[in-house]
Amino acid sequence: QVQLVESGGGLVQPGGSLRLSCAASRSIFRSDYMGWYRQAPGNQRELVAQISSDGTTNYADSVKGRFTISKDNAKNTVYLQMNSLKPEDTAVYYCKGAWSRLAYWGQGTQVTVSS
């Protein structure tokens, strides 16, 4: 069965780091691209980072240079390494696997950046 399961969220101090993991079923992992999105209360869901099946990456301007998306093909897992975290990064982070006409979403993991 298809599934996406995020983990690794939590509470961290400003300037700290977290690594999010997205364990995907094989079919979703082999989608055209996988991405991380985030949504804060009252805000729209926004793209944070994505990685194509061939390894091409793309980042939102707000996180470029601080976040890194990667994947482990052997584990069918996508990661989001988040460094130099800011309070504005606080949100629920969602993993997504997508083709042009179909997408699957994980349940989300909470990231809170606060002193």
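# A buried disulfide and its surroundings

C22 is buried in this predicted model, with a relative accessible area of 0%, where buried means under 20% relative accessible area, exposed means over 50% and partly exposed lies in between, as found with a 1.4 Å probe on protein chains only. Residues are numbered from 1 along each chain as its sequence is written, and side-chain values use heavy atoms, with hydrogens and water left out. Because the model is predicted, local features need pLDDT of at least 70 and side-chain atom pairs count only at pLDDT 80 or more, whereas totals for chains, interfaces and linings use all residues.

**Overall build**

- The protein holds one helix and 11 strands, where helices (H or I, at least four residues) and strands (E, at least two) are DSSP runs numbered from the N terminus.
- Read along the sequence, these elements follow the pattern β-β-β-α-β-β-β-β-β-β-β-β.
- The radius of gyration is 13 Å, close to the 13 Å that the globule rule gives for 115 residues, so the protein is as compact as a globular protein of that length; the radius is taken over C-alpha atoms, and the rule is 2.2 Å times the number of residues to the power 0.38.
- Along its principal axes, the C-alpha trace spans about 40 × 25 × 25 Å, and buried residues make up 42% of the 115 residues.
- Among contacts between residues at least 6 apart in sequence, 53% join residues at least 24 apart, a contact being heavy atoms within 4.5 Å.

**The disulfide**

- The structure holds one disulfide, a term that here stands for a pair of cysteine sulfur atoms within 2.5 Å.
- The disulfide is formed by C22 and C95, whose sulfur atoms are 2.1 Å apart, and the link is left-handed, with -85° about the S-S bond.
- C22 lies in strand β3 and C95 in strand β9 (residues 91–98), so the pair ties together parts that are 73 residues apart in sequence.
- C95 counts as buried, at 0% relative accessibility.

**Strand β3 and its partners**

- Strand β3, which runs over residues 18–24, is mostly covered, since five of its seven residues are buried.
- Strand β1 (residues 4–7) pairs with β3 in the antiparallel sense over four bridges, and strands are said to pair if DSSP finds at least two bridges between them.
- Strand β8 (residues 77–82) also pairs with β3 in the antiparallel sense, over six bridges.
- A23 in β3 has V5 standing opposite, and A23 also stands opposite T77 in β8.

**Aromatic pairs and a cluster**

- A search of the whole structure finds three aromatic pairs, counted when the ring centres of Phe, Tyr or Trp (its six-membered ring) lie within 6.5 Å, with planes under 30 degrees apart taken as stacked, over 60 as edge-to-face and the rest as tilted.
- One of them joins Y37 and W105, whose ring centres are 5.0 Å apart and whose planes stand at 65°, so this pair is edge-to-face.
- Y37 lies in strand β4 (residues 33–39) and W105 in strand β10 (residues 103–105), so the pair ties together parts that are 68 residues apart in sequence.
- Y37 counts as buried at 12% relative accessibility, whereas W105 counts as partly exposed at 36%.
- W99 and Y104 form another edge-to-face pair, 6.3 Å from centre to centre and with 80° between the planes.
- W99 is partly exposed, with a relative accessible area of 26%, and Y104 counts as partly exposed at 29%.
- Y37, Y94 and W105 form one aromatic cluster.

**Charges over rings**

- R45 lies over the face of W105, at 4.7 Å from the ring centre; a charge is counted as over a ring if NZ of Lys or CZ of Arg is within 6 Å of the ring centre and within 35 degrees of the ring normal.
- The charged end of K71 sits over the ring of F29, 5.8 Å from its centre.

**A loop residue**

- G15 lies in the loop between β2 (10–12) and β3, and counts as exposed, at 53% relative accessibility.
- When residues up to four places away in sequence are not counted, G15 touches S84 and L85.
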